[in-house]
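Welcome, and please take a moment to look over the model shown here. The report that follows walks through a few of its parts, one at a time.

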Amino acid sequence: MGRRNKTQEHLTLLQLQNYIKRDPGSYRDEFMQQYRYYQSNLKIFQLQPSQPSKEMIELIMFISQIAHCYPEHLDTFPQELIDLIRQYQDVLDAELRLAICRALILIRNKNLLSPTSLLELFFELFRCKDKLLRKTLYNHIVADITNINLKHKNNKINKALQGFMYKVLCDGDPLATRYSLEVMTELYKKSIWNDSKTVNAIVLACFSNVAKARVIAVKFFLGTDENEQEGSDSDDSDDAKDPTTMKGLLLSHQVSKKSRKKKKTLEKALATLKKHKKKRNAKSSSFSALYLINDPQAFAEKLYKELEKANDKFEIRVMIADLISRLIGLHQLFLLNFYPFLQRYLQPHQQEVTKFLTFVARSSHDLIPPENLEPVLRTIVNNFITERNSGEVMAVGLNAVREMCAKCPNVMTEDLLQDLTEYKTSRNKSVMMAARSLIQLYRYINPSLLRKKDRGKPTELSKEVGPLAFSEVKAAGYVPGTEFLEFPQNVERQDTIDSEGNDHTSDEEGSFDSDNEDDDELSDEEEISGEIDSNTKLKANDRKLSLDSNQGKSKGGRVSVTVAKSKSSQAEEISSSRFLTQEEFDKIRTEKVLRELDMRTGGKMKRKYLETMLDNEMEKELRKPIVSQDDIEIIHKKAKHDKESRLASVKEGREGRGKFTNEKHRMNEFASTSHKEKRKGKSFMMVRQAKGVQRKIKRSFRQKQLALRDSMLKRRKSKR
């Protein structure tokens, strides 16, 4: 092509590229000329690979743009670029190396290159100390693997890439390990590589020699449950700040005037609210990576060994302790040395003390022997719940005790519980509410530990749920909750009782009228009263006979005997006869939450009001396995404003407000003052001997009332 102006050459390449894309056959000779020019430049470049070459960059980008037009000539072009960058990756100029990678990405997007060969090269290039290159490679790897698994999961490619990435993680290079780990975590969050192989590869990264890789791996396990959306879409934060609730919508509709339009508006608002809550529940109930770990006990023990070394910063050790507590709570592990370790940090002045209290509550479960948890409980009570501490500290301590006892009820003793419940009469609202929540908890799990006056009104649920001893399991012969389901109505039994054949001698339960279909053949004297021995049938069949009184009262009604089983036998039959649907499982969960709410409110609230509180309680049920820090830091008190904030609010209220002064009602505002007004300006010592003043001093209370009334009436008239 010869030497020519660079600007002219650049424009010529762009124009030629455009023309070739439109009509490849007409410009084949021009393409071959440029391709031979590229091959000669490539041989010259290989002699000095560290030298920058803008001409080489332009030729590589030009050929990669039109590679799909001439596949028979460019079948070896991608492999040439891969070999070039693999051979000279450390000495290549940064711009040329980035241009080659972008050219390979273009070729891969045209589906002219297999994903495994290219992605393996990109994982190796993570070792290069070029931040822009690493960011470009990271974005392409995530996007390419996402597109590969867009319609269905390509297990063959996934397994090959996961195996290669596992080698990179074990390689020990800090940059490659870190970026490979970020790729794996991002693909897990996108639900592409959400299998156990990926999770257990990240488990190995928790013990990496690279500090940043360890932090990324630990944050991944901590963030998949509830805190992964901190920097995500603003829609979630808008939904969280939205004050509209189902209870508020129903209440506003109840007190306002009823109309069809308002009813339709309410239905639309409730449907929108349910839709938003479904989205929020789908995000919060995402399957946690902690459940996919192959050996959680060994993982927790290794993490505890790393924690004991104390080689990392305090913030990293706090994160590791958080992860250990989650593992113990979710999988009910046994790591008895972890509790004395946490006990050292349970001091009110300790940095991040609420986090350590949360770790204690999370790592408690009912399979831990109570004697191992009792020293930790005593430490919390002695250090936090004392009169020498502030109300906030005492409230946090009581909240921690409540969450700990909710996971392991047997750790609490009767004397200690009764001492803690004395704070229900505290003047501090936070302490009072925390103590009452502890009472409410033990009303449900073990009322016998409370004083008789604190046990509350017994409910149906509190009678069923009794205290369990250590490691005791209450096994049921049916799926728990099937007693809430309706039994099919095909078990009704209709018996037509004939008076001639009826020979019962037991006590009379009821009298039934028998009716014949032909009214002409039946006279009024042929009424038959049937007597049923209910006690004998209940003992024999463990069933109740429900008799329809309305049919019995009707003229000549047929005898209908409905046999209803007891709740337990009904639940056993439902569980053993058929499979439960998803709607029935949802109904079971709803009924359980409603019964717990009914027990908390003492049975005083109507069911329709309980249903308005149902959505918030269901969200709490989803987060039940893991205790959050907000449950420990519940403070039922507004923080006091300092002097500066109070003055600022006072000044803000004065803006645009008139002065608080008595208005002078005069016809002419420029007129002089009267003698009466002048006397008001005189000092009291000058007018104390005046008759009017003496008369005022000696007035009775009634006279003062009348004078005040007259002056107010006079002032009102003057304003008119």
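Is the crossing of H16 and H18 left-handed or right-handed? The crossing of these two helices is left-handed. Keep in mind as you read that this is a predicted model.

## Helices H16 and H18

Let us stay with this pair for a while. Helix H16 covers residues 314–331 and helix H18 covers residues 353–362; their axes come within 8 Å and cross at roughly 20°. An angle under 35 degrees counts as roughly parallel, and H16 and H18 are therefore roughly parallel to each other.

Which residues make the contact? From H16 come Phe314, Val318, Ala321, Asp322, Ser325, Arg326 and Gly329, while H18 brings Lys355, Phe356, Phe359 and Arg362. Sorted by class, the contact of H16 with H18 has five nonpolar, two polar and four charged residues.

Some of these names return when we turn to charge. Asp322, Arg326 and Arg362 are linked in a network of salt bridges. Asp322 and Arg326 belong to the H16 side of the contact, and Arg362 to the H18 side.

Setting aside its neighbours within four places in sequence, Arg317 is in contact with Leu307, Ala310, Asp312 and Tyr345. Arg317 and Glu306 are eleven residues apart in sequence, and their C-alpha atoms are 8.7 Å apart in space.

## Helices H10 and H11

A second pair of helices is worth a visit. The axes of helix H10 (residues 196–205) and helix H11 (residues 211–223) come within 8 Å and cross at roughly 135°. That angle makes H10 oblique to H11. H10 passes H11 in a left-handed crossing.

In this contact, Val199, Ile202, Val203 and Ala205 of H10 meet Ala213, Arg214, Ala217, Phe220 and Phe221 of H11. The residues of the contact divide into eight nonpolar, no polar and one charged.

How many of the ten residues of H10 are buried? Seven of them are, and H10 is mostly covered. The buried ones are Thr198, Val199, Asn200, Ala201, Ile202, Val203 and Ala205. They pack against H11 and also against helix H8 (155–171), helix H9 (174–189) and helix H15 (296–309).

## Salt bridges

Side chains of opposite charge can pair when their charged atoms come close. The structure holds 14 salt bridges, and the table lists some of them.

| Pair | N to O distance |
|---|---|
| Asp144 and Arg108 | 3.2 Å |
| Lys355 and Glu352 | 3.9 Å |
| Arg402 and Glu403 | 2.9 Å |

Where do the partners of the pair Asp144 and Arg108 sit? Asp144 is in helix H7 (residues 131–148) and Arg108 is in helix H5 (residues 94–109); the two are 36 residues apart, and the pair links distant parts of the chain. Asp144 counts as buried because its relative accessibility is 7%. Arg108 is buried too, with a relative accessible area of 10%.

Lys355 is partly exposed, with a relative accessible area of 27%, and Glu352 is partly exposed at 34%.

Are Arg402 and Glu403 buried or exposed? Both of them are buried.

## Two loop residues

Finally, let us look at two places between helices. Most residues other than glycine have a negative phi, and most peptide bonds are trans. Asn111 has a phi near 65°, a positive value in a residue other than glycine. You can find Asn111 in the loop between H5 and helix H6 (115–125). Asn111 is exposed, since its relative accessible area is 62%.

Ser191 also has a positive phi, near 60°. Where is Ser191 placed? Ser191 is in the loop between H9 and H10. At 46% relative accessibility, Ser191 counts as partly exposed.

Notes
Residues numbered from 1 in each chain as written. Predicted model: local features only at pLDDT ≥ 70, side-chain atom pairs only at ≥ 80, totals over all residues. Heavy atoms only, no water. Axes fitted to C-alpha atoms, helices over the stretch in contact; angles between N-to-C directions. Helix = DSSP H or I, 4+ residues; strand = E, 2+ residues; numbered from the N terminus. Parallel < 35°, antiparallel > 145°, perpendicular 65-115°, else oblique. Left-handed = near helix turned anticlockwise from the far one by under 90°. Contact = heavy atoms within 4.5 Å. Nonpolar A, V, L, I, M, F, W, Y, C, P; charged D, E, K, R; others polar. Salt bridge = Lys/Arg side-chain N within 4 Å of Asp/Glu carboxyl O. Buried < 20%, exposed > 50% of the residue type's maximum accessible area, 1.4 Å probe, protein only.
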